Amino acid sequence: RLQSLSFSGEKIREWVMESQIRRTKLAVVDERNTLLVYDVVTKELLYQEPKANSVAWNTSCEDMLCYSGEGMLSIKANNFSTHQQRQQGFVVGFTASKIFCLDFFAMTCVDVPQSAPMIQYLERKLYKDAYKIGCLGVTEGDWNTLALEALEGMDFDISKKAFHRLRDLRFLELIHSIEERKRRGETNNHVFLPDILAYQGKFSEAAKLYIQGNGDIH
């Protein structure tokens with residue numbers, strides 16, 4: 001519960017911020033304005049960041065937090081690098097792609113697209129985690145990037161979910177045909193890559209793979 005009081009102690013306004021997510025990490029800001037994140041079970045210090053005055057976990061994503069300090073909002077997913085944008089005030093809440101900041105007596109809601117954290121997961125080929133981040137709020141272009149990268153990474157389940165969001169029937173049909181081939185006994189995922197590249201218009205790359213695999217271009 002967050003309260004705004006006058007100098008005489010009279011309550012002017014009140015906000016209630018609650019999280020129902022059971023967390024395994026603890027985030028604190030110490031007297032030197034350093035953000036410290038610990039593993040609750042092992043007590044290990046996972047990471048620390050300077051120039052922080054307040055912090056809030058994302059109630060929709062257990063591994064993401066936001067901290068404020070020196071006129072900046074910093075968003076951090078997992079132990080990846082932070083992404084910043086200018087914003088005055090103290091962060092008091094973080095839900096999906098919305099950050100709540102208190103600046104004197106005014107509460108501000110800031111919309112922050114989750115494109116950057118999603119790309120960080122994609123760079124590590126963590127497609128399932130990237131999809132979870134995407135569900136917090138990303139652009140159509142981000143969904144397309146996730147769908148294609150997961151497809152090339154042979155994570156057909158995540159790719160299918162992303163293409164469903166885009167309503168891309170052409171690629172959904174491709175995934176369906178690949179799944180049918182797998183059910184008929186084709187277990188080597190590499191044999192599907194030429195078709196995947198060809199569907200993206202990467203015909204030169206697809207042709208090289210067809211030749212290497214002694215396959216035929218359909």
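Which residues make a nonpolar surface patch of about 320 Å²? The patch is made by Leu 26, Val 28, Val 40 and Val 41. The model discussed here is predicted. In it, the protein contains seven helices and twelve strands, and buried residues make up 39% of its 218 residues.

**Overall architecture**

- The protein exposes about 13,000 Å², and carbon and sulfur atoms supply 50% of that area.
- Of the contacts between residues at least 6 apart in sequence, 36% join residues at least 24 apart.
- A search of the whole structure finds twelve salt bridges.

- Leu 26, one of the patch residues, is found in strand 3, which covers residues 25-29.
- Leu 26 counts as partly exposed because its relative accessibility is 44%.
- Patch membership requires over 30% relative accessible area, and Leu 26 has 44%.
- Strand 3 pairs with strand 4 (residues 35-39) in the antiparallel sense over five bridges.
- Lys 25 stands opposite Asp 39, a residue of strand 4.
- In a regular strand, side chains alternate between the two faces of the sheet.

**The hairpin of strands 6 and 7**

- Strand 6 (residues 54-58) is mostly covered, with four of its five residues buried.
- Strand 6 and strand 7 form a hairpin that has two residues between the strands.
- The pairing of strand 6 with strand 7 (residues 61-69) is antiparallel and runs over five bridges.
- Within this arrangement, Ser 54 stands opposite Ser 68 in strand 7.

**A buried loop residue**

- Is Gln 114 buried or exposed? Gln 114 is buried, because its relative accessible area is 0%.
- Gln 114 lies in the loop between strand 12 (106-111) and helix 1 (115-123).
- Leaving aside neighbours within four places in sequence, the contacts of Gln 114 include Asn 58, Met 64, Phe 94, Ala 96 and Ser 97.

**Salt bridges between separate elements**

- Side chains of opposite charge can pair when their charged atoms come close.
- The side chains of Asp 111 and Lys 98 meet in a salt bridge, at 2.9 Å from N to O.
- This pair links distant parts of the chain, since Asp 111 is in strand 12 and Lys 98 is in strand 11 (residues 98-103), 13 residues apart.
- Asp 111 counts as partly exposed because its relative accessibility is 49%, and Lys 98 counts as partly exposed because its relative accessibility is 35%.
- Lys 160 and Glu 179 also meet through their side chains in a salt bridge, at 3.0 Å from N to O.
- This second pair likewise links distant parts of the chain: Lys 160 is in helix 4 (residues 156-166) and Glu 179 is in helix 5, 19 residues apart.
- Lys 160 is partly exposed, with a relative accessible area of 25%, whereas Glu 179 counts as buried at 18% relative accessibility.

**Helix 5 and local charged groups**

- Arg 183 forms a salt bridge with Glu 180, and the closest N and O atoms are 2.4 Å apart.
- Why are Arg 183 and Glu 180 separated by about one helical turn? They are so separated because they are three residues apart in helix 5.
- Arg 183 counts as exposed at 58% relative accessibility, whereas Glu 180 is partly exposed with a relative accessible area of 28%.
- Ser 177 lies in helix 5, which spans residues 169-183, and counts as partly exposed at 29% relative accessibility.
- Ser 177 and Phe 192 are 15 residues apart in sequence, and their C-alpha atoms are 9.9 Å apart in space.
- Elsewhere, Asp 30, Glu 31 and Arg 32 are linked in a network of salt bridges.

Conventions:
Residues numbered from 1 in each chain as written. Predicted model: local features only at pLDDT ≥ 70, side-chain atom pairs only at ≥ 80, totals over all residues. Heavy atoms only, no water. Patch = residues over 30% accessible without salt bridge, like charges linked within 9 Å, V, L, I, M, F, W, Y side chains within 5 Å. Areas by Shrake-Rupley, 256 points an atom, 1.4 Å probe, with all protein chains shown as cover. Salt bridge = Lys/Arg side-chain N within 4 Å of Asp/Glu carboxyl O. Buried < 20%, exposed > 50% of the residue type's maximum accessible area, 1.4 Å probe, protein only. Contact = heavy atoms within 4.5 Å. Pairing = 2+ DSSP bridges.
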